[in-house]
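Notebook open, model loaded. I'll jot down what I look up as I go.

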Amino acid sequence: MTEVDYIVVGCGLAGVAFCEQLRKADQSFVVFDDDSQKSSSVAAGIYNPVVLKRFTQVWKAKAQLELAMPYYHDLENLLEVKLNHKLNVYRKFASIEEQNEWFVASDKPVLCDFMHSEILKNDQKELIAPYGFGKVLHSGRIDTRLLMERYRLFLKSTHRLKEERFQYDLLSPVNHGVVYASIKAKHIVFTEGFGLKENPLLPNSPIVGLKGEMLIVKAPTLKLEVILKSSVFVVPLGEDLYWVGATYEHQDKTHNISEAAKVQLVLKLKTLLNCEFEVVQQVAGIRPTTKDRRPLVGSHPSMANVYILNGMGTRGVMISPYVAQQLYDHIEYQTDLDTEINLKRFKAFR
């Protein structure tokens with residue numbers, strides 16, 4: 001029987017963030033992941049403290065960024081790769097009214113540190129933006145695909161990764177912990193993303209899958225050095241490649257790509273770009289979201305030493321380090337979880 005402090009099920013952004021809490025605290029752990037969930041690896045990895053549709057602050061943006069920036073710096077050192085690409089987000093304005101709304105929002109105390117107050121004129125002939133842009137500060141992109149690849153290699157090199165499907169019927173409670181097959185652990189944390197819907201230990205999970213499809217396009221003349229936001233995001237990846245997305249599909253819960261999504265994204269992109277581009281790849285993922293758009297964090301309602309860390313939605317890059325610390329401190333030091341992320345706000349978990 002192998003004994004560890006923690007079993008972690010799932011290795012997306014939330015799983016990696018929780019593993020880092022464990023590693024830095026010298027806790028022993030093993031991770032189960034069958035690479036079935038793709039949302040973390042296909043995401044643009046944008047971190048942005050402003051809700052760009054309504055010009056409001058992202059929930060706990062300052063606290064999230066204060067944790068996330070040193071967290072990704074430490075990961076870069078651990079994995080010996082460049083992950084954090086600091087880029088301003090430029091929000092395209094559709095009208096004079098939107099410009100005025102930006103001025104008003106940027107003057108608010110909670111937003112003035114994140115929003116540049118001046119309207120930026122468009123000086124690129126490759127862009128269609130007659131009303132200019134608003135610039136978001138303290139924003140950028142985390143290379144989530146590279147992060148997922150390298151962190152899995154790190155786990156394998158330290159003999160912490162089990163690349164296999166987790167068999168729920170093999171999990172049993174014991175005094176002061178759980179047993180799974182030949183592994184005994186003090187605690188188990190499920191960070192499965194949308195895969196939580198298939199977890200029989202949580203049959204009434206409030207996780208809602210929101211499918212997104214994205215394109216990778218090549219635009220040799222664009223030469224963009226910022227993240228653009230209009231009806232889609234356009235994110236520079238280097239070598240004249242750009243991530244474009246994303247769609248929002250509530251019914252389809254597969255990872256299959258569709259021609260309809262491709263057409264939709266291309267049409268939206270053509271309202272922003274005045275240059276030639278070529279679609280070189282199309283990908284899809286299922287975002288794990290909740291109805292109130294807050295993460296799902298806390299202890300199982302009836303099983304001791306069983307915990308959930310899920311529901312990162314569209315902002316996993318920013319929020320994962322914050323909620324991972326919240327859960328770790330809750331387990332180890334019995335601190336209270338933020339009420340807005342505590343899974344007990346749902347009847348199914350009371």
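Is Phe190 buried or exposed? Phe190 counts as buried, at 0% relative accessibility. My cut-offs: buried is under 20% relative accessible area, exposed over 50%, partly exposed in between, with a 1.4 Å probe and protein chains only.

Ground rules before I go on. I am reading a predicted model, where local features need pLDDT of at least 70, side-chain atom pairs count only at pLDDT 80 or more, and totals for chains, interfaces and linings use all residues. Residues are numbered from 1 along each chain as its sequence is written, and side-chain values use heavy atoms, with hydrogens and water left out.

**Rings**

I looked up the aromatic pairs and got 16. A pair here means rings of Phe, Tyr or Trp (its six-membered ring) with centres within 6.5 Å; planes under 30 degrees apart are stacked, over 60 edge-to-face, the rest tilted. One of them is Phe166 with Tyr168, edge-to-face at 5.4 Å between centres and 70 degrees between planes. Phe166 is buried at 6% relative accessible area, and Tyr168 is buried at 15%. Tyr168 also pairs with Phe190: the centres are 6.2 Å apart and the planes at 35 degrees, so I log this pair as tilted.

Why does this pair tie together parts that are 22 residues apart in sequence? Because Tyr168 sits in the loop between strand S10 (161-162) and strand S11 (171-174), while Phe190 belongs to strand S13 (residues 183-190). Strands (E, at least two residues) and helices (H or I, at least four) are DSSP runs, numbered from the N terminus. Ring pairs join Phe32, Phe166, Tyr168, Tyr180 and Phe190 into a cluster.

**His300**

I found His300 in the loop between strand S19 (296-299) and strand S20 (306-310). His300 is buried, at 8% relative accessibility. A polar atom of the His300 side chain lies 3.1 Å from the backbone nitrogen of Ser302. Skipping neighbours within four places in sequence, I list Leu201, Leu202, Val306, Tyr307 and Ile308 as contacts of His300 (contact: heavy atoms within 4.5 Å).

**Helix H1**

Where is helix H1? It covers residues 13-24. Its end C-alpha atoms are 17 Å apart, which agrees with the 16 Å that its 12 residues should span (expected span: 1.5 Å times one less than the number of residues). H1 is largely enclosed by the rest of the structure, because 9 of its 12 residues are buried. Among them I note Leu13, Val16, Phe18, Cys19 and Glu20. Asp26 follows H1, with a positive phi near 60 degrees.

Technical notes. A polar contact is a pair of N or O atoms within 3.5 Å; within protein, one must be able to donate a hydrogen and the other to accept it, and residues adjacent in sequence count only if both atoms are side-chain atoms.
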